[in-house]
Amino acid sequence: CYSQDFWEQLYFPDTVSISCISTNNQDHIYIGTGADSEFGALYRSMDNAETWEVILNNGYLGVYSIDINENGKIFVGKNGPESIVMSEDNGLTWEVAVLPDVNFGNVMKMFCVGNDTIYASLWGGNGSLITFSFDGGNSWEHTYINSESNAYVSDIDMTILGELFVSTTGWNNNTGGVYKSNDGGYTWGYMGLVNHQIQCLEINTNNEIFTGDWDSFYPEPNGIYALLEGQAEFEKIANGYHVTDIAISEGNEIFVASNGSIYRSDDNGETFQNIQDENSQWIKKFHIDNNNLLYGIKQDKLIRSIESLITNINTISKDNISIYPNPSRDYINIEVPTTIAVPFLLEITNIQGKCVYSKLLQVESSYINIKDFPQGVYVLKMKNSEGYYQSKFINQ
């Protein structure tokens, strides 16, 4: 068991119920609230949760999901009219997303990929619905995962290869399950776990899929399931009831919130240990920030791991990857030896932590144009199935 002192409790007003959380590259924290006709809003803290301000008022309708793209644009999903709103200036002003004309209600999940791609789960009257934008939210399309009217998409994630996975949950027999799209969300194929009320889906750096059940319909046993490397079907890896969220660190540690407790696995789900810090009780949702700190939320409670989760990550030796010239002016070259697996997920941030470039590297060498970058120091981060690499370069 993991005992006390895993978490620290952060300040948050105790007059509202928390429903979702996200952070940006500047370590600002965003909290969505609203439940049972309580005040619905988006709160922001820019001083490590010392103080909070409301930057979006949704009246007595809830804010259900938040995600922030690599440029810092905020996407908020909520219930009621104008169900997706966006802000490019950190919440100072908001724009309403013009969505396709479909019969839908609440936005259950927002999921950003890179700078321009956004997916949103909508509880549609005609089935499990995904709406998506490939131009930063300027235009939107939609597709139905299935035609089950009493089901919705509960979670969305993408592998490093660009394969899109969603989990669905429903309230009748023959609903629920996991679906996959290889074309950005236009077409979908069923992958398994029908009759499971899946609440969460996460993908590790090895492109393995993990899901958690709130419940399931007889005779399917509820629990934590995984589609592991080389397998064709999901298998149950642990018991789990009322699973509300799963988070996976860059070092592939798995965290599960289940039936009032939090469990952690450092062996890819073969065993789980209970985190017995008293702050673990009844946490509903997780979030891992840019510093690899794990957040947890429930009702009016906000907690965060005391230490970074990155301590157990495999670090790829700097001797194995070449970045040149450094300092540079117009471009940099990146070369990876053939002994290290591609693809790599590449991200470049400025010294303030804002992402200025991202790309999926499919080959061992790449040329990157940086002539439009302001002069200064930049941090280059690369991650693949083997581990994590980070280095700095100077743009003159």
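In what order do the four strands of the open sheet run, and is the pairing parallel or antiparallel? The order is β22-β23-β24-β25, and the pairing is antiparallel. Strands here are DSSP runs (E, at least two residues; helices are H or I, at least four), numbered from the N terminus, and two strands count as paired if DSSP finds at least two bridges between them. At the edges sit β22 (243-248) and β25 (273-274), each of which pairs on one side only. Ile 248 stands opposite Ile 254 of β23.

A word on the model itself. It is predicted, so local features need pLDDT of at least 70 and side-chain atom pairs count only at pLDDT 80 or more, while totals for chains, interfaces and linings use all residues. Residues are numbered from 1 along each chain as its sequence is written, and side-chain values use heavy atoms, with hydrogens and water left out.

Next comes Ser 19, which belongs to strand β2 (residues 18-23). Its relative accessibility is 13%, so Ser 19 counts as buried; the cut-offs are under 20% relative accessible area for buried and over 50% for exposed, with partly exposed in between (1.4 Å probe, protein chains only). A polar atom of the Ser 19 side chain lies 2.4 Å from the backbone oxygen of Val 63. Setting aside neighbours within four places in sequence, Ser 19 is in contact (heavy atoms within 4.5 Å) with Gly 32, Thr 33, Val 63, Tyr 64, Lys 284, Lys 285 and Ile 297.

In the loop between β29 (322-324) and β30 (331-335) sits Pro 325, joined to Tyr 324 by a cis peptide bond with omega of about -10°. Pro 327 is also found in the loop between β29 and β30, and a cis peptide bond joins Pro 327 to Asn 326, with omega of about 5°.

Then there are the positive phi angles. Leu 193 is not a glycine, yet its phi is about 70°. Leu 193 falls in the loop between β17 (189-192) and β18 (196-203), and counts as buried because its relative accessibility is 10%. Gln 299, not a glycine either, has a positive phi of about 40°. Its place is the loop between β27 (294-298) and β28 (301-305), and at 52% relative accessibility Gln 299 counts as exposed.

Methods: A polar contact is a pair of N or O atoms within 3.5 Å; within protein, one must be able to donate a hydrogen and the other to accept it, and residues adjacent in sequence count only if both atoms are side-chain atoms.
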